[in-house]
Amino acid sequence: SVAQFVFSLLLELCHRVGRHSDVVRAGGWTRHPDWSFAMPPQIELAGKTMGIVGYGRIGRQTAHIAEAFGMRILSYDVDHGNLENLLRESDVVSLHVPLFPGTRELINARTLALMKRSAYLINTSRGPLINEKDLADALTAGCIAGAGLDVLSVEPPPADHPLLQVPNCIVTGHMAWSTIEARSRLIHAVIENVGAFAAGAPKNVVT
């Protein structure tokens, strides 16, 4: 579900389907002189490079979907890969690392400056992976093309949160995990864990 949501955010940045629907309903297409009505930019993903920061289970599933779109994959984990090269080369950067002291504010003014001006940043992992003021400044200045965020450092965010005010930033309410199917899997995993513990054969033990 989280990997699927990465592409919900990314495709909205590429096509602005919701905005187009609103404008069409408001009469924008009706007043348009041509049969085709589209507001730029319209971005095709085929041939673009997706950089996946954190190549665990969700990161790998995100890569699998990206490959179906015809994208080239770069990956980075704390134990392998080059983050700076990934940021320089990627057209889309998707964050999937856990929040540790070493990953807090991994995306900041310095690392944002490495990215292409045409690049998109997606975060469905943890809000504090990003220095949010630095991202707001980068979006306002046009240093990157846009961001899609399902997580923030404070949830729910205050009304004056900087990323709620900037252009080309989509923010959703920590909902990537919340499909019916995903919640059902979580419940069944809890039931299986409790049953295994009661049977003397605990599963998913954290040591």
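Let's start with F7, which counts as buried because its relative accessibility is 4%, under the 20% cut-off. Please keep in mind that we are looking at a predicted model.

How many aromatic pairs does the count give? The answer is one aromatic pair. F7 and F69 form it, and the pair is stacked, with 5.3 Å from centre to centre and 5° between the planes. If you trace the chain between them, you will see that this pair links distant parts: F7 belongs to helix α1, residues 2-15, while F69 sits in the loop between α3 and β2, 62 residues apart.

Now let's step back to the whole chain. The secondary structure comes to seven helices and six strands. Reading from the N terminus, the elements go α-α-β-α-β-α-β-α-β-α-β-β-α. Along its principal axes, the C-alpha trace spans about 70 × 40 × 40 Å. Of the 207 residues in the chain, 39% are buried. The accessible surface comes to about 11,700 Å², and carbon and sulfur atoms hold 58% of that. As for contacts between residues at least 6 apart in sequence, 62% of them join residues at least 24 apart.

Next, the sheet. What is the order of the strands in it? It runs β2-β1-β3-β4-β5-β6, an open sheet of six strands with parallel pairing. The two strands at the edges are β2, residues 72-76, and β6, residues 169-171; each has a single partner strand, so one side of each is left without a neighbour in the sheet. On average, neighbouring strands here are turned by 15° against each other, direction ignored.

Let's walk through a few of those pairings. β1, residues 49-53, pairs with β2 in the parallel sense over five bridges, and there V53 stands opposite Y76 in β2. β1 also pairs with β3, again in the parallel sense, this time over four bridges; in that pairing, M50 stands opposite V92 in β3.

Helix α3, residues 57-68, touches β1, β2 and β3, and its direction makes about 175° with that of β1. Helix α6, residues 132-141, lies across β4, β5 and β6, running at about 140° to β5.

Have a look at β3 for a moment. In a regular strand the side chains alternate between the two faces of the sheet. In β3 both faces are covered: V92 and S94 on one side, V93 and L95 on the other, are all buried.

Which residues have the most contacts inside the largest nonpolar core? They are V53, L121, L135 and L163, in a core of 29 residues. The elements that give two or more residues to this core are β2, α4, β3, α6 and β5. Among these, α6 gives the most, with four residues. There is also a second, separate core of 19 residues, which includes V6, A66, V92 and Y120.

V53 is found in strand β1. With a relative accessible area of 0%, V53 is buried, because anything under 20% counts that way. Beyond its neighbours within four places in sequence, V53 is in contact with Y76, L83, L86, V93, S94, L95, H96, V97 and L106. For a sense of scale, its C-alpha atom is separated by 37 Å from that of G200, 147 residues away along the chain.

The other member is L163. Setting aside its neighbours within four places in sequence, L163 is in contact with E132, L135, A136, L139, L149, L152, C169 and V171.

Look for the stacked pair of F7 and F69, then the six-stranded open sheet, and then V53 in the largest nonpolar core.

How values were computed: Residues are numbered from 1 along each chain as its sequence is written. This is a predicted model: local features need pLDDT of at least 70, side-chain atom pairs count only at pLDDT 80 or more; totals for chains, interfaces and linings use all residues. Side-chain values use heavy atoms; hydrogens and water are left out. Two strands pair if DSSP finds at least two bridges between them. Axes are lines fitted to C-alpha atoms, for helices over the stretch in contact, and angles run from 0 to 180 degrees between N-to-C directions. Contact means heavy atoms within 4.5 Å. Rings of Phe, Tyr and Trp (its six-membered ring) pair if their centres lie within 6.5 Å; planes under 30 degrees apart count as stacked, over 60 as edge-to-face and the rest as tilted. Buried means under 20% relative accessible area, exposed over 50%, partly exposed in between (1.4 Å probe, protein chains only). Accessible areas come from the Shrake-Rupley method with a 1.4 Å probe; for residues, only the protein chains shown count as cover. A nonpolar core is a set of buried Ala, Val, Leu, Ile, Met, Phe, Trp, Tyr and Cys residues joined through side-chain atoms within 4.5 Å.
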